[in-house]
Amino acid sequence: MAAQPISRRRMLAAGAVLSAASGVTAAAADLTAKGVPFKPNSATFPERTDVSGGYVYFSQPEAAFIEAACARMIPADDLGPGAVEAGVPVFIDRQLAGEFGHGTRWYMTGPWPKGEKTQGYQSRLTPAEMYRAAIKDIDDVSGRQNNAPFHQIAADKQDAFLKGLESGSTTLPNVDSKAFFTMFLQNVIEGFFSDPIYGGNRDMAGWKLIGFSGARYDQREFVLAYGKPYPLPPVGISGRPGWSRES
Amino acid sequence: MAQTLPKTDAVLIGFGWVGAMMGQELTDMGLNVVALEKGSWRDTPTDFATTFAQDELRYYWRHELFERLNHETLTFRNNDGQTALPMRHLGSFLPGSNVGGSGVHWNGQVWRFLPTDFQARSHNVSRYGKAAVPDDMTIQDWGVSYDDLEPYYDKFEYLCGVSGKAGNLGGQIVPGGDPFEGPRRRDYPNPPLDMPYAPMLFAKAASETGRHPFPHPAANSSRPYTNPLGVQLAQCTFCGFCEKYGCGNYSKATAQTTILPVLMRKPNFTLRTHSEVMKIELSPDGKTATGVTYVDAQGREIFQPADLVILCAYSLENVRMLLLSDVGKPYDPSTGEGLVGKNYAYQITSSVNVFYDDKILNPFIGAGALGMMCNDYNGDNFDHSGLGFIGGGYIGLMQTGARPIETHPTPNGAPTWGSGWKRAVAKNYLRAATISTHGAVMSHKQNRLDLDPTYKDALGRPLLRMTFDFTDNEHKMSDYLTDRAAEMGRAMNPREIKVNKRAGSYDIVPYQTTHNTGGAIMGANPRDSVLNTYLQSWDVPNLFVPGANAFPQNAGYNPTGTVAALTYRCTDAIRTHYLKAPGQPLVHA
């Protein structure tokens, strides 16, 4: 087959994508390397998520759902803090406000026929859009069933509702309920176990619960300590409380 | 109108592991080499330093080191009865992007295929009869033998400073190594990594039940090592962030840690990043590549003429580039004609979780290729009579670092969320381990790659379309491996095990392996292969296509060692034969 001619406009669009992808502006970058193009003092440190000032993506009713649902997904109990106490709702909020929420790295070009399960995510909604549509639908369905939005119904009813979404037995008018639940569960677990710089896993609650050592650099001396408890507390990319001011 | 640059001796399309090996060898021959990489430069202290490399969310779940699918992806269907739809986000496999390619985020699992793997058809037919290979199973012999590749496997292992224990030194079986491996000329350059508790518990159970466990060969350095190019690797510190991550400690062998510090300084080498090749340009008779057209960061179309074109992107992209460039004839399963896109294969994986009450395993202490393995059920190391399948895979217990978003195993019956889930995760995280199986996929008539009729990439080119499903052979083989893994798991005397078989159609969502193979396969003659055994195009002799695309079918091992060995065999042939008669076929059809 003959290759299609490439329009100038398409090339420019693609060039822009490449530049944005790497954080390199075309004007500033020396893209032809003779020698090692190593840039001293230019490490790509992760950006600490600012969790101050409340929600930035979720509206008030949406935040009410997220907080209520997170409290059921990982409850606070005798084992320790749950998802809410660990900051998962704000973690999800910030993730949806950023690259992940916009599906920046995803292929989001149509057409959009319904696919097989083995073909994966085929919604035209970005993650942020899916949360918005799903929460509205959930509160509508809950309103019809219980005369109250999700966050106002009893915990056992909330659990039953979430199980219905998980199994697909509860359907939503505008969103694939299983696709939403799968994403939400994944994001809750991310918020509970990711490095605290992203706003979740507050005080390393998730890591302390299970005994994960965190962002440790050198664990050589414990490799052969068969059956012995690991003696050090978890540490994050920004250190840990009592060791650095910003952890 | 494309701008035309001065001609170069050789142009590399893509600059990952294979690109770096090719660049190093071709510049050694005195050639002027230009590498075109669509992504950007990246390096250890800037992109994955030890102060921030251990970040599960950023690197794995937000895909920082991987292909950006908004730029290009592929479409997928299980069979011709379905419409292929785009892979909209990554899942089953994780191709890399930027300098170093997927080699930056690999585990460092360095395997040699078995001698009989290279005779997949003739060996199985001679041992089990013609009926052992069904008509629609399109497996082939490779056209090279293990002995042909042995020197090149050795070269790669010494480049990487692989840590391991030989099991077969020149035909002598060595205790503690893999007794099933082909003969090797010398031991690994470094001794095995220190082995944590869980893999040792597995090894004990495997031995006691008659299997032959040995330490996984690891491109994670067990001690300080200076490779033959003079590049230093540091001792691995078991941080547990190898697979899907870059190594901040210069312990994992990658293009960056083994070749680039030497290659980048050579005056006859040039790297152009943000340069995406659109197509390979051919002479009017279609028999010579004249160079490549690429698009730079500013969207300019540029023609880079070259005497020698090396297509060394990821295996899937290599196949797409051939199709986009009209090199060879696309495969049509209905007629059996054409070869480009034929024999796409993958691997089939499964696992068995082992849960203890009384043993603390500290699973977060890990390295990419750290574990105890057995090859008793790989390839044709066991009698397949009456089993109804051919091929096999390794079984082993690896401790790669239990990053908790990805790894928090729970036993049968545990809830998937809520307070019961929390209790199960808290109880089991430190006391669980996973035995994995890693099985071959044979090539089949319907499993293939071609260009999608509907979906396009950001540059307007058709996406690659993958048509793939597991067949009976894979399911029977994987179930057999999983049953053996469960036996070994029970022999570890845990509280309980959980068996995770791979059931049903291939699903592109859950992560499995980034071991996509075939589509531009090698062989002994042009009637059934796209490339000769030196990875030279039969149709366009000044074009070489090194990569896992050359595998006629997949084996039960990680592919990188074999990709590297084939690449070094290719560069040797270019050095000793091709350059004396440039543009001529190295093998006459």
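**Figure 1. Chain A at a glance.** Read along the sequence, the elements of chain A come in the order α-β-α-α-α-α-α-α. That amounts to 7 helices and 1 strand. Everything shown here and in the other views belongs to a predicted model. Of the 247 residues in chain A, 39% are buried. If we take the contacts in chain A between residues at least 6 apart in sequence, 56% of them link residues at least 24 apart.

Figure 2. Look for A:Ala205 in helix 7 of chain A, which covers residues 205-210. Is A:Ala205 buried or exposed? A:Ala205 counts as buried because 22 other C-beta atoms lie within 10 Å, and the cut-off for a buried residue is 20 or more. Setting aside neighbours within four places in sequence, A:Ala205 has contacts with A:Gly80, A:Pro81, A:Glu85 and A:Ala86.

**Figure 3. Where chain A meets chain B.** Here 84 residues of chain A are in contact with 86 residues of chain B. On the chain B side, several elements supply at least two residues each, including helix 2 (44-47), helix 3 (56-61), strand 12 (276-282) and strand 19 (448-456). Which element of chain B gives the largest share of this side? The answer is helix 10 of chain B, with 6 residues. By residue class, the side of chain B that touches chain A has 39 nonpolar, 27 polar and 20 charged residues.

**Figure 4. A strand pair across the two chains.** Strand 1 of chain A (residues 32-33) runs antiparallel to strand 11 of chain B, and 2 bridges join them.

**Figure 5. Chain B as a whole.** Chain B contains 12 helices and 22 strands. Its radius of gyration is 23 Å, close to the 25 Å that the globule rule gives for 589 residues, so chain B is as compact as a globular protein of that length. Along the principal axes, the C-alpha trace of chain B spans about 70 × 55 × 50 Å. Buried residues account for 65% of the 589 residues of chain B. Among contacts in chain B between residues at least 6 apart in sequence, 74% connect residues at least 24 apart.

Figure 6. Inside the order, strand 16 (residues 371-374) and strand 17 (residues 393-398) of chain B are antiparallel partners over 4 bridges. Within this pair, B:Cys374 stands across from B:Ile395 of strand 17 of chain B.

**Figure 7. Inside the largest nonpolar core.** In soluble globular proteins, nonpolar side chains tend to be buried together. The largest nonpolar core in this model has 235 residues. Among the residues with the most contacts inside this core are B:Leu12, B:Phe202 and B:Val309. Not counting residues up to four places away in sequence, B:Val309 touches B:Val11, B:Ile280, B:Ala289, B:Gly291, B:Val292, B:Asn542 and B:Leu543.

Conventions:
Residues are numbered from 1 along each chain as its sequence is written. Chains are lettered from A and ligands numbered from 1 in the order in which they are written. This is a predicted model: local features need pLDDT of at least 70, side-chain atom pairs count only at pLDDT 80 or more; totals for chains, interfaces and linings use all residues. Two residues are in contact if their C-beta atoms, placed from the backbone, lie within 7 Å. Ala, Val, Leu, Ile, Met, Phe, Trp, Tyr, Cys and Pro count as nonpolar, Asp, Glu, Lys and Arg as charged, and the others, Gly among them, as polar. Two strands pair if DSSP finds at least two bridges between them. A nonpolar core is a set of buried Ala, Val, Leu, Ile, Met, Phe, Trp, Tyr and Cys residues joined through C-beta atoms within 7 Å. A residue is buried if 20 or more other C-beta atoms lie within 10 Å of its own, exposed if 12 or fewer, and partly exposed in between; C-beta atoms are placed from the backbone. The radius of gyration is taken over C-alpha atoms; the globule rule is 2.2 Å times the number of residues to the power 0.38.
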